[in-house]
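The following explanation is meant to be read alongside the sequence and the three-dimensional view.

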Amino acid sequence: MSEKILVIGANGQIGTELVTALRNQYGAEQVIASDINNPAYAIRNSGPFEFANVLDKENLHHLFHKHQPTQVYLLAAILSATGEQKPKLAWDLNMNGLIHVLDLAVEFGTAKVFWPSSIAVFGPNSPKQNTPQYCIMDPNTVYGFSKLAGERWCEYYHAKHGLDVRSIRYPGIISWKAAPGGGTTDYAIHIFYEALKTGTYQSFLSANTMLPMMYMYDAIRATLSLMEAPAENISIRSSYNLAGMSFTPAQLAEQIKQQMPDFSISYADHDPRQAIADSWPQSIDDSQAKTDWNWQPEYDLKRLTEEMLKNLKNSLNL
Ligand code: AKB
């Protein structure tokens with residue numbers, strides 16, 4: 001059967017690259033990109049696009065009816081830092097957007113749904129090192145507890161309706177094609193832009209704040225591997241822990257200096273995102289993803305830094 005894939009929230013940091021990867025794999029016409037905002041050039045010119053508002057169920061119903069998707073990727077979300085500024089909107093969008101899509105997937109018999117969760121589901125009392133799949137989870141950001149509740153809904157729809165919904169707890173994702181939007185891990189992208197443009201960067205996280213991170217190439221590979229795995233291999237229907245690498249702002253700055261010896265970094269005195277970062281894990285145990293669908297990251301900090309500097313330099317015409 002030929003696939004029809006609907007990507008909701010296609011203009012974002014992950015959506016932009018996922019749509020390209022899916023169009024390469026399944027054919028441009030099979031992948032409908034959708035977003036509440038006007039599409040970026042690459043998305044608009046490489047295949048079909050529809051406007052979608054996840055809070056408007058009628059609008060989503062129309063899209064499901066028109067395209068009868070066999071797979072849906074729901075990427076529209078408000079991330080951790082923005083979520084603290086707009087808590088009610090973050091809850092509404094992250095939660096009701098998901099429930100609308102799960103309901104419609106059941107109604108229209110969608111074969112598979114992907115929904116991203118995050119390391120933000122962990123909280124101050126979760127183990128910090130090698131954080132296990134199952135442990136105390138007491139997230140204290142709206143983003144974090146909307147993702148944790150979302151995981152429960154995914155597992156529930158799988159159990160009650162047999163919906164094949166799959167999910168990953170993404171770490172901070174580093175990429176250069178589309179800008180990140182309102183996350184706590186965004187410093188690790190801004191730093192590359194500023195290094196290339198000005199040779200210096202003020203980090204909003206402190207020097208030794210260790211967080212789990214991943215290069216976009218690995219994040220896309222992980223997402224596609226999970227979605228392609230046989231259903232019987234998927235033992236987790238809430239969301240899989242996933243790890244790439246962990247580093248601090250100081251370690252990232254050191255790596256950048258290997259290639260740009262004059263680069264310098266400073267640290268902000270106080271930023272509200274520090275408290276969010278301090279509540280999250282420093283490293284993640286992703287052994288279940290390795291066992292169930294052969295997950296193995298390819299990028300380490302050195303390779304990520306080289307790729308980011310090389311690609312951004314080209315795309316910024318520097
Ligand atoms: C954020 O920082 O909010 C996101 C995430 C880790 O989910 N990048």
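The model is predicted: local features need pLDDT of at least 70, side-chain atom pairs count only at pLDDT 80 or more, and totals for chains, interfaces and linings use all residues. Residues are numbered from 1 along each chain as its sequence is written, and side-chain values use heavy atoms, with hydrogens and water left out.

The protein chain is divided into domain 1 (5-172 + 214-241) and domain 2 (174-213 + 245-283 + 299-315), with bounds taken from an automatic or database domain assignment. Their C-alpha centres lie 25 Å apart. At the interface, 27 residues of domain 1 are in contact with 29 residues of domain 2, contact meaning heavy atoms within 4.5 Å.

Where does the ligand lie relative to domain 1 and domain 2? Both domains give residues to the shell around the ligand, so the ligand lies between them. The surrounding residues are L79, S80, S118, I119, Y143, G183, T184, T185 and W280, where a residue is included if one of its heavy atoms lies within 4 Å of the ligand. This shell divides into four nonpolar, five polar and no charged residues; Gly is counted among the polar ones, and Trp and Tyr among the nonpolar ones.

Polar contacts (pairs of N or O atoms within 3.5 Å) come next. A polar side-chain atom of S80 is 2.5 Å from a ligand oxygen atom, while a polar backbone atom of T184 lies 2.7 Å from an oxygen atom of the ligand. T185 places a polar side-chain atom 2.9 Å from a nitrogen atom of the ligand. Of the 260 Å² of accessible area that the ligand has on its own, the protein covers 93%, by the Shrake-Rupley method with a 1.4 Å probe.

Technical notes: A polar contact is a pair of N or O atoms within 3.5 Å; within protein, one must be able to donate a hydrogen and the other to accept it, and residues adjacent in sequence count only if both atoms are side-chain atoms.
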